[in-house]
Amino acid sequence: MMEKKSPFDLVSDDSDHRFSHHNIHKNCFTDSNSFAYRRIMNEWKFLAKHLPDFIHVKAYEHRIDLLRAVIIGSPGTPYQDGLFFFDIALPEDYPFSPPKIHYISFGYRLNPNLYPAGTVCVGLPNTWNWKGKKFQSWTPATTLLAVLLSIQAMVLNEKPLFNNPAYSVSDYSRLESKARAYNGAVFVLTCCSALCLIQKPPKNFEGFVREHFRERGHVLLAACKEYANGRVRDGHYGYNSNNNNVIEVTESFQKLLRSAYGSMFKKFLECGASLEGFVAELEVEVPVQEKRSNGGKGIFKKAMGKIKQVLG
């Protein structure tokens, strides 16, 4: 079993942090009497006391303006049991200005709010911009925990297509096929991210990444099988596994899943996972004929390209 550890911890090595060269000589972060310093110390205490099990944060002993957080994908979403890392930098006038947040993306676009370059668009840190309109919701009373919870609940959700303001969740019945195709591609890219994290884990999280996939890798493998056999709706794999009325999937999607499954199987074994009941290659129960996907073709092509990158 994964060793139970506090979700908040102090570390010293910030060498691979996105913002390690920002604010290096700002006195407000070393002067214990400054407002920013005192606020950050209070944030640390609040995080140490209130962080949920699905969010882990490491702060830096000698760079109190920097933090690194990981969010574990929630059940019922295409992100389930994936790991999503964010580098955070606090400004010198914190909390009167919002933090900077960078998503460690490995170049993947697996959400309308998370860009390949690492940009994070979400309301609380004042980074959400749609057609020139910027949504302002940060106030000095907002906590870092509130920001992380908003990402977990509002960004990494069960219908991520509708994070794009061009679509309305009220139109779900009309866009169900498109949303389902988007979820499938998002799941594949979540698997790609898992492979990248095992190969190159963020500093200070090496053990965490290995332990997580040792204990939870089988969930991703099981999800691959359920997606490939059309038993997934809105991120709930196994949703109707006892029902013959499955969703048809394309051969191209199954091909993506086979590649992801095979690579993850090998990597999870390297992490020490016990994969009893699983085989090295994805089992597809009912072959399907290739057909055009309603709204998902483009993102499937991109996902295939990403898998090829991961597999070399």
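Is Phe 106 buried, partly exposed or exposed?

**View 1. Phe 106 in its loop.** Phe 106 lies in the loop between strand 5 and strand 6 (129-130), and with a relative accessible area of 28% it is partly exposed. Here buried means under 20% relative accessible area, exposed means over 50%, and partly exposed lies in between (1.4 Å probe, protein chains only). The phi of Phe 106 is near 55 degrees, a positive value in a residue other than glycine. The structure is a predicted model, in which local features need pLDDT of at least 70, side-chain atom pairs count only at pLDDT 80 or more, and totals for chains, interfaces and linings use all residues. Residues are numbered from 1 along each chain as its sequence is written, and side-chain values use heavy atoms, with hydrogens and water left out.

**View 2. The whole protein chain.** The protein chain has six helices and nine strands, where helices (H or I, at least four residues) and strands (E, at least two) are DSSP runs, numbered from the N terminus. Of the 312 residues in the protein chain, 52% are buried. Among contacts (heavy atoms within 4.5 Å) in the protein chain between residues at least 6 apart in sequence, 65% join residues at least 24 apart.

**View 3. Helix 3 beside helix 4.** The axes of helix 3 (residues 172-199) and helix 4 (residues 206-228) come within 11 Å and cross at roughly 150 degrees; axes are lines fitted to C-alpha atoms, for helices over the stretch in contact, and angles run from 0 to 180 degrees between N-to-C directions. The two helices are therefore roughly antiparallel to each other, given that angles under 35 degrees count as roughly parallel, over 145 as roughly antiparallel, 65 to 115 as roughly perpendicular and the rest as oblique. In helix 3, residues including Phe 187 and Leu 197 take part in the contact, and in helix 4 the partners include Phe 213 and Tyr 227. The residues of this contact divide into 11 nonpolar, two polar and no charged, where Ala, Val, Leu, Ile, Met, Phe, Trp, Tyr, Cys and Pro count as nonpolar, Asp, Glu, Lys and Arg as charged, and the others, Gly among them, as polar.

**View 4. Helix 3 beside helix 5.** Helix 3 and helix 5 (residues 251-270) pack at an angle of about 25 degrees, with their axes 10 Å apart, and that makes helix 3 roughly parallel to helix 5. Among the residues that meet here are Val 188 and Leu 195 in helix 3, and Leu 256 and Met 264 in helix 5. The contact divides into 12 nonpolar residues, three polar and one charged.

**View 5. Helix 2 and Phe 46.** The buried residues of helix 2 include Leu 144, Leu 148 and Ile 151, and the buried residues of this helix pack against helix 1 (35-50), strand 2 (55-60), strand 3 (63-72), strand 4 (83-89) and strand 5 (100-103). Phe 46, in helix 1, is partly exposed at 34% relative accessibility. Although Phe 46 and Leu 144 are 98 residues apart in sequence, they are 9.2 Å apart in space, C-alpha to C-alpha.

View 6. Most residues other than glycine have a negative phi, and most peptide bonds are trans. Asp 81, in the loop between strand 3 and strand 4, has a positive phi of about 65 degrees although it is not a glycine, and at 6% relative accessibility Asp 81 counts as buried. The peptide bond from Tyr 94 to Pro 95 is cis, with omega near 10 degrees, and Pro 95 is found in the loop between strand 4 and strand 5.
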